[in-house]
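Hello,

Here is the structure we talked about handing over. My notes follow below it.

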Amino acid sequence: MHIPDGFLSPITYLPATAVAAGLIFLALKRAELDADKIAGVAAVSAFSFVAMLFAVPMPGGTSVHLGGVGLMAVLFGPWTAFGALSLVLLVQALLFGEGGITAYGVHVIAIAFAGSVSAYTVYRFVKRFSESAALFAAGWFGLVIPAVIVAFVLGIQPLIAHDAGGKPLFFPFGLEVTLPSIMIPHLIAGFAEGAVTLMMVRFLQRYFKGVFDAV
């Protein structure tokens with residue numbers, strides 16, 4: 001899901017970087033992180049960091065990986081999850097080349113913000129009927145929603161950045177390619193993400209109740 005440098009046009013990544021910076025500034029004010037939760041946020045951030053590094057290649061030239069977005073959002077709320085995931089994405093881009101520097105803004109918006117907010121919103125809604133279903137749905141949406149945004153952003157590059165002859169200047173494939181090649185694997189992987197989210201929360205609730213008591 002991570003976009004390398006050179007795939008996005010400046011008309012895409014410059015506004016995205018500005019929006020991401022604004023969201024991070026807002027998160028610094030709205031995130032609720034007391035001393036008792038720091039260890040938990042650090043531990044789940046480390047899990048998310050490692051999970052994103054193990055990308056499984058898929059047909060069509062894309063890859064898929066777990067992200068821990070729903071897990072983070074459910075345990076700590078959307079703004080804390082957003083802040084922690086933004087830091088995870090920054091470290092991955094700077095030190096591991098996992099996602100380009102120019103694509104960082106898009107990753108922050110898609111994975112950290114949209115993923116966290118959608119996962120938390122779905123969790124709160126479905127929890128009224130079944131907590132287990134809510135946890136599973138949070139994991140699924142936390143992976144699939146970012147994939148939708150990434151597929152869309154990549155797919156519109158030929159439309160918004162091309163030369164006089166219509167030749168794409170950056171990512172060359174349109175939505176007819178990006179949507180199925182990115183979405184189909186992530187729709188399936190979302191079930192694994194949902195199951196992992198459910199199992200991880202149950203495990204943490206049982207053995208680390210003092211730290212993970214917000215669910």
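Exposed here means over 50% relative accessible area, and buried means under 20%. Please keep in mind that this is a predicted model.

Helix 1

By that cut-off, I11, L14, A18, F25, L28 and K29 are exposed on one side of helix 1. The buried residues of this helix are T12, Y13, A16, A20, L23 and A27. These span an arc of only 90° around the axis, which puts them on the same side of helix 1. Their packing partners are helix 4 (78–95), helix 5 (104–126), helix 6 (131–155) and helix 7 (157–160). As for length, helix 1 has 21 residues (10–30), which at 1.5 Å a residue should span 30 Å; the end C-alpha atoms are 30 Å apart, in agreement.

Aromatic pairs

The count of aromatic pairs comes to ten. One of them is F7 with F171, a tilted pair at 5.3 Å centre to centre with 40° between the planes. F7 sits in the segment before helix 1 and F171 in the loop between helix 7 and helix 8 (175–207), so the pair ties together parts 164 residues apart in sequence. F7 is partly exposed, because its relative accessibility is 31%, while F171 is buried at 12%.

Another tilted pair is F136 and F191, with 6.1 Å between centres and 45° between planes. This pair also links distant parts of the chain, F136 being in helix 6 and F191 in helix 8, 55 residues apart. F136 is partly exposed at 27%, and F191 counts as exposed at 51%.

Finally, F7, F171 and F173 make up one aromatic cluster.

Regards

Conventions. Residues are numbered from 1 along each chain as its sequence is written. This is a predicted model: local features need pLDDT of at least 70, side-chain atom pairs count only at pLDDT 80 or more; totals for chains, interfaces and linings use all residues. Side-chain values use heavy atoms; hydrogens and water are left out. Helices (H or I, at least four residues) and strands (E, at least two) are DSSP runs, numbered from the N terminus. The expected span of a helix is 1.5 Å times one less than its number of residues. Buried means under 20% relative accessible area, exposed over 50%, partly exposed in between (1.4 Å probe, protein chains only). The arc is that of the directions from the helix axis to the C-beta atoms. Contact means heavy atoms within 4.5 Å. Rings of Phe, Tyr and Trp (its six-membered ring) pair if their centres lie within 6.5 Å; planes under 30 degrees apart count as stacked, over 60 as edge-to-face and the rest as tilted.
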